[in-house]
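Okay, thanks everyone for coming.

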Protein chains: 6
Amino acid sequence: MKKVISLGDVMMRLSTPGHARFVQAENFQVRYAGSEANVTAALAGWGIPSAHITRFPENDFGRAATEALRKSGVDTTHILYGPERLGVYFLENGAMQRASRIVYDRFDSAFSFIKPGMINWNEIMQQACWLHWSGITPALSQGAADVCLQAIESARKHHVPVSGDINYRRNLWQYGKQPLEIMPALISMSDMIVGGVTDFENCLGISAKDFESACKTVMKANPAVKKIATTTRESISSSHNKISAQLFNGKSLLKAKTYDLTHIVDRVGAGDAFMAGLIYGALQAMSDVDTLEFATASCALKHAIEGDVNLCSVEEIEALVRDENVGKLLR
Amino acid sequence: MKKVISLGDVMMRLSTPGHARFVQAENFQVRYAGSEANVTAALAGWGIPSAHITRFPENDFGRAATEALRKSGVDTTHILYGPERLGVYFLENGAMQRASRIVYDRFDSAFSFIKPGMINWNEIMQQACWLHWSGITPALSQGAADVCLQAIESARKHHVPVSGDINYRRNLWQYGKQPLEIMPALISMSDMIVGGVTDFENCLGISAKDFESACKTVMKANPAVKKIATTTRESISSSHNKISAQLFNGKSLLKAKTYDLTHIVDRVGAGDAFMAGLIYGALQAMSDVDTLEFATASCALKHAIEGDVNLCSVEEIEALVRDENVGKLLR
Amino acid sequence: MKKVISLGDVMMRLSTPGHARFVQAENFQVRYAGSEANVTAALAGWGIPSAHITRFPENDFGRAATEALRKSGVDTTHILYGPERLGVYFLENGAMQRASRIVYDRFDSAFSFIKPGMINWNEIMQQACWLHWSGITPALSQGAADVCLQAIESARKHHVPVSGDINYRRNLWQYGKQPLEIMPALISMSDMIVGGVTDFENCLGISAKDFESACKTVMKANPAVKKIATTTRESISSSHNKISAQLFNGKSLLKAKTYDLTHIVDRVGAGDAFMAGLIYGALQAMSDVDTLEFATASCALKHAIEGDVNLCSVEEIEALVRDENVGKLLR
Amino acid sequence: MKKVISLGDVMMRLSTPGHARFVQAENFQVRYAGSEANVTAALAGWGIPSAHITRFPENDFGRAATEALRKSGVDTTHILYGPERLGVYFLENGAMQRASRIVYDRFDSAFSFIKPGMINWNEIMQQACWLHWSGITPALSQGAADVCLQAIESARKHHVPVSGDINYRRNLWQYGKQPLEIMPALISMSDMIVGGVTDFENCLGISAKDFESACKTVMKANPAVKKIATTTRESISSSHNKISAQLFNGKSLLKAKTYDLTHIVDRVGAGDAFMAGLIYGALQAMSDVDTLEFATASCALKHAIEGDVNLCSVEEIEALVRDENVGKLLR
Amino acid sequence: MKKVISLGDVMMRLSTPGHARFVQAENFQVRYAGSEANVTAALAGWGIPSAHITRFPENDFGRAATEALRKSGVDTTHILYGPERLGVYFLENGAMQRASRIVYDRFDSAFSFIKPGMINWNEIMQQACWLHWSGITPALSQGAADVCLQAIESARKHHVPVSGDINYRRNLWQYGKQPLEIMPALISMSDMIVGGVTDFENCLGISAKDFESACKTVMKANPAVKKIATTTRESISSSHNKISAQLFNGKSLLKAKTYDLTHIVDRVGAGDAFMAGLIYGALQAMSDVDTLEFATASCALKHAIEGDVNLCSVEEIEALVRDENVGKLLR
Amino acid sequence: MKKVISLGDVMMRLSTPGHARFVQAENFQVRYAGSEANVTAALAGWGIPSAHITRFPENDFGRAATEALRKSGVDTTHILYGPERLGVYFLENGAMQRASRIVYDRFDSAFSFIKPGMINWNEIMQQACWLHWSGITPALSQGAADVCLQAIESARKHHVPVSGDINYRRNLWQYGKQPLEIMPALISMSDMIVGGVTDFENCLGISAKDFESACKTVMKANPAVKKIATTTRESISSSHNKISAQLFNGKSLLKAKTYDLTHIVDRVGAGDAFMAGLIYGALQAMSDVDTLEFATASCALKHAIEGDVNLCSVEEIEALVRDENVGKLLR
């Protein structure tokens, strides 16, 4: 059975227990996560064969990260290993009005030293039914940007659909290139894009007054792009957000239900849960409306899960779309 | 001083820490709980002499369960021990829209092998001021159903008031009998019943358009039943419920205050806390109105307690009835 | 650089994990805290040189309390050590409608045996830019009351501004004196007071219909007092409060924004965080309006911090005043 | 069935996790323990009906201590409650060459305010088959010493055998009396004594060159004393001790096996486990040799148990006496 | 690449923290383990492709057990799922003279309902380079015994070497058959056997005065059996064992180094680590001497690992064989 | 009062709980440590005024590391802050024959970017009574090596004694220079050196048949060096080492007692505890014999302490030198 392929770095995630601040922490909880692998991990949990492509240090932490992916059901047989380090990110859970914080210590990761030629994309794409990338990869190093481009080109050659999460972050992009030099080529060959107005401004140089007009401009310039989606988050507090989403399919702008998210457990990875939902909808040939609602419910439920990966089942997500079992005690 | 007697199985309760899902759990918290014993444990905490009748495996887990009851102040001297296993239930705390889940692994427990003749009800009822049973017991095995019937018959013979929590659960009842073959006799000899419209439909074959009319039909057919009460729960999310309750005393339908329960800690056992409140009111000769408010406040406060048993004091419950000290910091 | 000086007892704080009740607790979390030291610890975290004056047992717990203050950045070189015990307070975190509770076991602490002459206030005040005391100290023992008076007199002699948090607690004051015999002298020499209508009634014998008129009466009788502030708390539940504050500066009554505090993490020390904010504003020569808003935001954010001390930075507090970054995920 | 009665204070035991020092501890583990109650708790675990007499504060910690005893199976119905505090002791587990340390904070406990007349010894002794006291009780206060004397006198009157663990600790005895003013009367009415040469020197004024000659002198002066036993401990390190014991029965000095205790888990309460073993042997009419070996094996196994109370079963202890199952994996 | 195939049940392992007894445990640590899967998990960690065949409940615990195997690198694609339960075993870690204990609650597991025809052995054996079974499987149910026989027959047909760990446990074998009715056929078709004198007595009816003569008798009767190995354990205490091993290869009896195992962390699964070492040696074409030393060192190092599976690397095991790096701090 | 000054990097220390391997760890314990700061932290705990010089990132982890030093009593007022990262080291505690492991992730730390001119050594040395450096600092970067040289030169100019712990580690030294290019100058200006035969070979190019002859050659070539000391460790297992030490004072070779260290808690930092003991002896004008025994006992006791810093008191160390209180329970 063909697989969803994701490409990207995976980091050690070190989070403070409960609501402790970094300076209070006596312990960090250890997990392994990365935006693109979070997507395939969710898909694997939903029964979709998936594989992640990355490069890890050949030490115990590379091994632990591999095991974490494998536990999720993600195929790790294409992972490369090298002598460098594993990136780390530190997470301080906010509470109430106090913001959550992430401190990255990810430079010089083994993945950032990836180079074209290290991966046999031709072979991989023969077994692929989807390729997913995000804007984090081309932001890390020239090598990573080159490998990302190769992957997308190979996917198109093999008629494998491509999704990209633009995920623009200014603090990355420190190797000398600007997003506008790299991102347009990657986006132009993608079928499905997650991004918002500021993403398009920073990565495509497109200014637009709202999401719909931005989408239209993007699609006009990039005919390969068939669908663009984005989430909208309102932060009442760290413990209380509202989330919704929109999808433009070239014709109409679809809007999803809005979820009131009180008592948030962990919001990191919610965007990846949304992305996974979009891919799931596409692979299951759901309608655009159903896809968007599934992806938004996936995003909403991720806030109730500890860690970066949405561990809710398809049944749970679909029940939420139908407003069933909400907050029940199921015996 | 005479005692409240409860009869029923007690299981090992294994719950995931924080909001972890079952597949994430590295540890389970261990407690020992059962619907009927939860009632006597709460009553013992309120100063009411109480004893629980059950059958445990004669191993360390039977011993641990005995110690847990004893810690609560429940008399354990009538407990039987046999060679079988202790039932287990696994609890995954929900959060936000994600439902909570209980997985039972309770078949073939030592209690399910209980048989008539094992317990000297005559002796026990001479020291009893109340008998409490629930619909879980007759659902477990023919032996348990028979013992439950014997207990109730003995209570009536000794003029000991009887309460029954119908607690209908379809997944139980796997030993060959249907509720309608067993439950009517048990209910017909009970003075106080907790149950709702669907309970009466499944266990008495009574269809009714609402709680009040159901109660009237039940009481007409079962003249021993003097009071019927039920709780009403609205689930906004796993973290936010609203709870209220009603009591029909043969004359009028009383309605309790509604409590807005945000930030729920643990809802398991809330019904048992309600039941305990009803029995407490009866034993203290409270008015029906006061009894219902006390029981509802007990039910509400249980949601703020970790574990199955309401550990709030009479003073705390009565203060909540009066809207005092709500959410204060008492020094 | 001159220092803020605080005087007062510091206790071992033992709190139950999560929402466990005292009788359930298998572990207590250990911290060291006291109302006045909480104030200087917050100020030290904001870059204000600070020192705390107290008396500890010369055992490991006195050493641990010293280290806790030192970790916060508070100068501990003036701390005295004696043969007695460290006071303890036990904290049970409430949840929902269930109240939080503090049980004190603080009598006969080493601090309560402090006596005039033990501390060279003259030397300390030469290095001081502020003195902070609270009504807890004079409530503990005659010696503590005498030392508090000496400290304030010395501060005035050296033109060091004085703040006092009246903090009236009936359960203290067990050494034979009544607040009205002791507090008026201490208040009369203070520049800034935190207190409310009942504080003034109990400690100054002043009855007033509201805060503003109470302030006017206090200031008339105590011309040294230039500013009086107080917080207002509304308890919807243990997990949900609303907090605001007022400041009377002799001319007008200023009112701060009201914060809706859902999902409270730990409310203990919120008053101390408010006090610290007032002193910070004064030392930074903020306007009264800005000082009040800073102090109120500090108080609000403290509810999102585990432990007694506000660990939020000046930048975080100022952002909340401006309604920025509320509940965001900052990368 | 008649009960073993113990009299004495019970404290909150707060111990550091793992091998942390006091100044490192972020958490303390909470237990409730006292030398005399440790004895009855072990006996109750072995199926001997037991009751403990003490006085607790009428707060949550007195309630928690009561529940801890009840969990162990000890009858708590005679416990008194008063307004004072619960004593506390802090335990730092040593390791290797580093010693373990206990810091007591037990003065002014509710028990220390016990007074003659508070307890109806006549009634209690009618249900008693044994009375156990230790030298800690008369060291705490005049009232406690008086109550201890009353208890022993009442026991003798009712022909209830009495055991006393001399347990001399210099740091106690701060209320004005010296051991030599109090202890001789208590010892003179006891049937079985645990104590060593220095205990007899401090509490009876008897100097002796060795244990046997001390025993002879004690018995000569105190004809009621029929048996004296003591343990001998060699400390290679905190993790490695050797333990043995001797018993003098008026005729011969019996010596028990020596146990090599490597990898010690918790040595606190080992003497109480020895005492419990002696009483068990007496109640079961074991020979002196068997009693001594049972008591010594109980003492040895206590070192493998977390907490103050020996939780090993009679079967486990008897197996160790026979050198069976040592260090096995029993399935 | 061809795989090592193991067949057997996997249970939830619930162990008490630290040295707590079952009755003290507030938490259980959760792992998933089974004798045969422990073998393939170790092999997978050493880079040997491996797959486990079992049957799990189709609930969250079957999913969690699958994920645990997958994390270890074991192929889980052949696992079956059914409606029944997952077996559980409870582990109490001993300490010092106190024995460790395991309580099984494994009856009626989903695996015990396995039946011939459920697994396509023909297909599996085409991809297999080794089959491993143990005497636990045929002890569980007739169906499991039948499936085990089928697997071995299929392996022989495909010329796949077979290893069997006799692992005789009297408490199993409750479905009506005796070991002597079932085991001889299974052993007779195995190439490599782990077992000792009592195993052969119970499962083959062979009495022998020592291991060597037993081996000779077994091999004479079962010409397919080429190698028989066994470990020898001396228990000084739960924390201190000595371990060695022997291997008879039809010609000579080889004896491995003896390891002095002080400070044991977890001995469960040590036999499985030995078995894995034997298979590894066979697959790597090591000499019998080297294989035995590797397997024994693997067994020894397992005692230093938490959980059932040996997580030490080939390099670590080989270093121990050479007495290198023992107890060092490697930077 | 003048201070001991240490210079060096401080890292975040992340260690696995209990005996978990890196790949098993769900949590890491967080501490902050560095070889040179460990020395001053121990000295501060013994009452010696001490300050540490380093450069931290100006983020929460730099702040947390500062607070950790401050908690220990080390003066942190000279610490610099810059934009880079904090180094990390991961620690896996070994057990039995399994070795402990440290994985460093320390390149590009803020300290490695330190440059001459950043620190005013002249001012610092005026307040100094001792300077301590180690061979780790010059191994990190040219800037660090230069700053280390400046510090030593400044110390000599101000007649401040200098100690250096050669601490040769091959894996460091990656910035282009070799130890022999850098270390000789630093050693030549130090009064007291800790190092062994291989250290001198790698850092001074001196080959010697034993420690004594190495010392003589070092001292001949470096007349400023007055004392050279080293520890000798024998590893029976990770849980059992033997430790001793030697000191050559130019005249004779002194040998310390050998300590048998069974049940090791944490060996990291034992060398730093030895170094701290040597400095303490020098500052207290102990004899060479007493200094060596104090330092060796400090080193031995460190193995009983969790974390890098010896938290044992001078009294505890001196008692061990005298063989007192070893493994006792001190009340």
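Predicted model: local features only at pLDDT ≥ 70, side-chain atom pairs only at ≥ 80, totals over all residues.

Let's begin with chains A and C. If you turn chain C by 120° and shift it 0.0 Å along the axis, it lands on chain A with an RMSD of 0.0 Å. So the two copies are related as by a three-fold rotation axis. Which C-alpha of chain C sits nearest that axis? That's C:His263, at 4.1 Å from it. And the copies use different surfaces, with 4% of the contact residues of chain C recurring in chain A.

Now the contact itself. Chain C puts in 23 residues and chain A puts in 26 residues. On the chain C side, the elements giving two or more residues are strand 15 (259-262), helix 10 (288-302), helix 11 (314-321) and strand 16 (329-330). Strand 15 of chain C has the largest share, three residues. What kinds of residue are on that side of chain C? Sorted by class, there are 14 nonpolar, five polar and four charged ones.

There's strand pairing between these chains too. Strand 8 (residues 100-105) of chain A pairs with strand 16 of chain C in the parallel sense, over two bridges.

Within chain B, strand 2 (residues 11-15) and strand 7 (residues 88-92) run parallel and are joined by four bridges. B:Met12, for instance, has B:Val88 in strand 7 as its bridge partner.

Last stop, helix 5 of chain E, residues 142-157. At 1.5 Å a residue, its 16 residues should span 22 Å, and the end C-alpha atoms are 23 Å apart, which agrees. Its buried residues include E:Ala144, E:Val147, E:Cys148 and E:Ile152. What covers the buried residues of this helix? Among the elements of chain E that do so are strand 1 (3-7), strand 9 (128-134) and helix 6 (179-188). After the helix comes E:His159, with a positive phi, near 60°.

That's my tour, happy to chat.

Definitions and conventions. Residues numbered from 1 in each chain as written. Chains lettered and ligands numbered in written order. Least-squares fit on C-alpha atoms with pLDDT ≥ 70 in both. Contact = placed C-beta atoms within 7 Å. Expected span 1.5 Å × (residues − 1). Buried ≥ 20, exposed ≤ 12 C-beta atoms within 10 Å, placed from the backbone. Nonpolar A, V, L, I, M, F, W, Y, C, P; charged D, E, K, R; others polar. Pairing = 2+ DSSP bridges.
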